Amino acid sequence: RSSRPGVMHACGHDGHTAILLGAARYLAETRNFNGRVVLIFQPAEEGLGGAQAMLDDGLFERFHCDAVYALHNWPGLPPGVIGVNPGPMMAAADQFSILIHGKGGHGAHPYQANDPVVIAAQLITALQTIVSRNVPAPDAAVLTVAAVNAGRVDAMNVIPHEARMVGTVRTFSPVVQEQIAARMQDVVDGIAAAFKARIEFEYKRLFPATINTPHHAELVVDVATELFGADRVVPDLVPSMGSADFSFMLQQRPGAYFRLGQGGADSGCVLHNAAFDFNDAVIPEGCAMFVRLVERSMPLAGGESQ
């Protein structure tokens with residue numbers, strides 16, 4: 001948990017760390033595998049891109065890996081259920097910032113101003129048409145304007161001189177990703193021309209899509225089925241429009257990212273929500289998954305090889 005009272009990330013990375021530590025302890029004590037295991041405790045998973053920082057520091061050059069696996073708790077699955085997909089698991093995450101330079105004035109005399117609030121409203125509406133009218137229906141994509149800031153709520157008769165908008169774009173396909181970024185620029189330029197305003201548009205690509213290697217996703221299914229039974233495995237989990245910078249590692253090594261069900265979604269215990277609470281009861285299942293993936297991937301002589 002955070003060392004600052006009242007603050008938490010609300011995603012369960014403390015639980016993930018406990019799971020990997022548990023797997024490390026078991027593997028060190030049993031040594032029921034033939035090879036070397038690298039346990040990666042990655043900092044700054046969201047926003048700052050700790051995975052890329054580790055790769056830039058030579059992670060896979062210093063610690064050779066033939067395959068890499070990761071898990072994340074998932075409130076949308078019952079406790080102990082394993083979910084995975086043989087292809088896309090999570091979307092690419094981009095962020096954008098739009099700054100509208102208008103002309104401030106008196107709310108009673110808008111003709112003397114160039115209202116950035118009205119321009120922002122037009123932009124928000126127009127941006128929402130990009131996915132619905134430019135992206136083919138089978139290609140999943142999300143464009144969200146997450147925050148708008150303009151003026152002051154205690155200045156009800158003042159037109160501000162500028163407005164700022166920020167948001168996120170989520171895609172699975174690099175082609176769709178490029179298309180959305182280009183169309184956003186077109187929309188910004190068009191609205192700016194229509195309202196004779198200057199608009200600054202910044203688009204930043206954060207994380208690529210998290211794409212599993214089919215073979216390694218299949219091994220996750222096999223291991224989960226062996227450990228828990230087929231009724232506790234979802235082999236074709238619907239991809240999430242969320243993102244994870246584990247995607248950078250999957251760009252360099254084959255592997256799989258899978259979900260560990262922890263329950264709670266029905267009662268509002270979802271990721272990044274103040275009601276989130278990691279379900280400690282699923283720690284053994286998480287440990288077992290990592291341990292058995294190692295044992296199946298690098299069996300002792302006469303063991304089963306994957």
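## Open sheet

In this predicted model, Ile82 has Val233 as its bridge partner in β11. Strand β2, covering residues 82–83, is joined to β11 by 2 bridges, and the two strands run parallel. As a general point, the strands of a sheet pair through backbone hydrogen bonds, in either a parallel or an antiparallel manner.

The sheet to which these strands belong is open and consists of 4 strands in the order β1-β12-β2-β11, with mixed pairing. Its edges are formed by β1 and β11 (233–234), each of which pairs on one side only.

## Aromatic pairs

The structure contains 4 aromatic pairs. One of them is formed by Phe246 and Tyr257, whose ring centres are 5.9 Å apart; the pair is classed as tilted because the planes meet at 40°, which falls between the limits of 30 degrees for stacked and 60 for edge-to-face. This pair links distant parts of the chain, with Phe246 in helix α7 and Tyr257 in strand β12 (residues 255–261), 11 residues apart. Phe246 counts as buried because its relative accessibility is 7%, under the 20% cut-off. Tyr257 is likewise buried, with a relative accessible area of 4%.

A further pair joins Phe258 and Phe290, with ring centres 6.1 Å apart; their planes lie at 65°, so the arrangement is edge-to-face. Here too distant parts of the chain are linked: Phe258 belongs to strand β12 and Phe290 to helix α8, 32 residues apart. Both Phe258 and Phe290 are buried.

## Charge over a ring

An arginine also lies over an aromatic ring: Arg259 is placed over the face of Trp74, at 3.7 Å from the ring centre.

## Largest pocket

The largest pocket has a volume of about 1100 Å³. It is lined by 38 residues, of which Val38, Val68, Tyr69, Ala70 and Phe290 are the closest to its centre. Phe290 is thus both a lining residue of the pocket and the edge-to-face partner of Phe258.

The elements that give two or more residues to the lining are α1 (13–30), β1 (68–74), α6 (214–228), α7 (246–252) and α8 (283–297). Among these, α1 gives the most, with 6 residues.

Conventions: Residues numbered from 1 in each chain as written. Predicted model: local features only at pLDDT ≥ 70, side-chain atom pairs only at ≥ 80, totals over all residues. Heavy atoms only, no water. 1 Å grid on protein atoms, 1.4 Å probe; cavity = no way out; pocket = protein on both sides within 12 Å on 5 of 7 lines; lining within 4 Å. Points joined across faces, edges and corners; volume = space filled by probe spheres on them. Phe/Tyr/Trp six-rings, centres within 6.5 Å; stacked < 30°, edge-to-face > 60°. Buried < 20%, exposed > 50% of the residue type's maximum accessible area, 1.4 Å probe, protein only. Lys NZ or Arg CZ within 6 Å of the ring centre and 35° of its normal. Pairing = 2+ DSSP bridges.
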